[in-house]
Amino acid sequence: MAGMTDQAGIEPTRLEDPPDHPTDVILLHGDLSDRQVLDALAAAVYVTDAAGRITYYNEAAAALWGCRPVLGQARWCGSWKRYWPDGSPLPHDQYPMAVTLREGRPIFGPEAVAERQDGTRVPFIPYPTPLHAASSTG
């Protein structure tokens with residue numbers, strides 16, 4: 001990795017993996033915006049407003065969904081259709097993002113399957129977590 005830099009001229013540093021942990025860890029040096037960090041992740045990440053309308057997604061999310069949903073219009077998830085692992089339809093009100101928004105708590109670990117418009121089905125595990133903007137009054 002020595003000598004490699006990204007578009008902003010930031011050189012990543014690779015840490016040696018612990019023997020029992022196969023995940024690559026990369027540290028980026030320099031000032032990065034939240035969006036730059038989210039855009040660079042290989043994990044699908046998206047953000048909704050309180051009504052469930054998608055307001056942001058990264059490239060990994062678009063790749064998972066097989067499309068680019070219209071921001072502010074698509075709700076809960078960008079995939080064409082969603083299913084439980086057994087193949088039964090996953091109703092909108094049971095989708096983990098909908099539950100998180102309704103109950104105000106994170107949902108960790110339920111497996112699901114996204115169907116793209118071309119019919120390809122991709123299993124995934126959503127981890128919706130409610131985050132709230134810092135109050136501007138404090």
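**A first walk through the fold**

Okay, let's begin with contacts, where contact means heavy atoms within 4.5 Å. Among the contacts in this protein with a separation of 6 or more, 27% are between residues 24 or more positions apart.

A word on what you're looking at: this is a predicted model, where local features need pLDDT of at least 70 and side-chain atom pairs count only at pLDDT 80 or more, while totals for chains, interfaces and linings use all residues. Residues are numbered from 1 along each chain as its sequence is written, and side-chain values use heavy atoms, with hydrogens and water left out.

So what's in there? The protein has three helices and seven strands. By that I mean DSSP runs numbered from the N terminus: helices are H or I with at least four residues, and strands are E with at least two. If you read along the sequence, you get β-β-α-β-β-α-β-α-β-β.

Out of 138 residues, 29% count as buried. Buried is under 20% relative accessible area, exposed is over 50%, and partly exposed is in between, using a 1.4 Å probe and protein chains only. The accessible surface is about 9,300 Å², with 55% of it belonging to carbon and sulfur atoms; that comes from the Shrake-Rupley method with a 1.4 Å probe, and for residues only the protein chains shown count as cover.

Now find strand 3, residues 46-48, and strand 4, residues 54-57: they run antiparallel and are joined by three bridges. For us, two strands pair if DSSP finds at least two bridges between them. Tyr 46 sits opposite Tyr 57 of strand 4. The two strands make a hairpin with five residues between them, and Gly 52 in that turn has a positive phi of about 90°.

Next, what does helix 3 pack against? The buried residues of helix 3 pack against strand 3. Helix 3 covers residues 96-103, and its buried residues are Pro 96, Met 97, Ala 98, Val 99 and Thr 100.

Strand 5 and strand 6 pair antiparallel over three bridges, with Lys 81 standing opposite Glu 115 of strand 6. Strand 6, residues 112-115, is also joined to strand 7 by four bridges, again antiparallel. There, Ala 112 has Phe 124 as its bridge partner, and Ala 114 stands opposite Val 122. The hairpin of strand 6 and strand 7 has five residues between the strands, with Gly 119 at a positive phi near 95°.

Are the two faces of strand 6 covered or open? Both are covered: Ala 112 and Ala 114 are buried on one side, and Val 113 and Glu 115 are buried on the other.

Two loop residues are worth a stop. His 92 lies in the loop between strand 5 and helix 3. Its contacts, leaving out residues up to four places away in sequence, are Trp 76, Arg 82 and Ala 98. His 92 counts as partly exposed because its relative accessible area is 45%. The other one, Glu 111, is in the loop between helix 3 and strand 6. Glu 111 and Trp 84 are 27 residues apart in sequence, and their C-alpha atoms are 6.9 Å apart in space.

Last stop, the pockets. Rolling a probe the size of a water molecule over the atoms shows where empty space is left. On a 1 Å grid over the protein atoms alone, a pocket is an open set of points where a 1.4 Å probe fits, with protein on both sides within 12 Å along at least five of seven lines, and lining residues have an atom within 4 Å of a point. The largest pocket is lined by 28 residues, with Tyr 46, Val 47, Met 97, Pro 128 and Thr 129 nearest its centre. Helix 1, strand 3, helix 2 and helix 3 are the elements that each give two or more residues to that lining.
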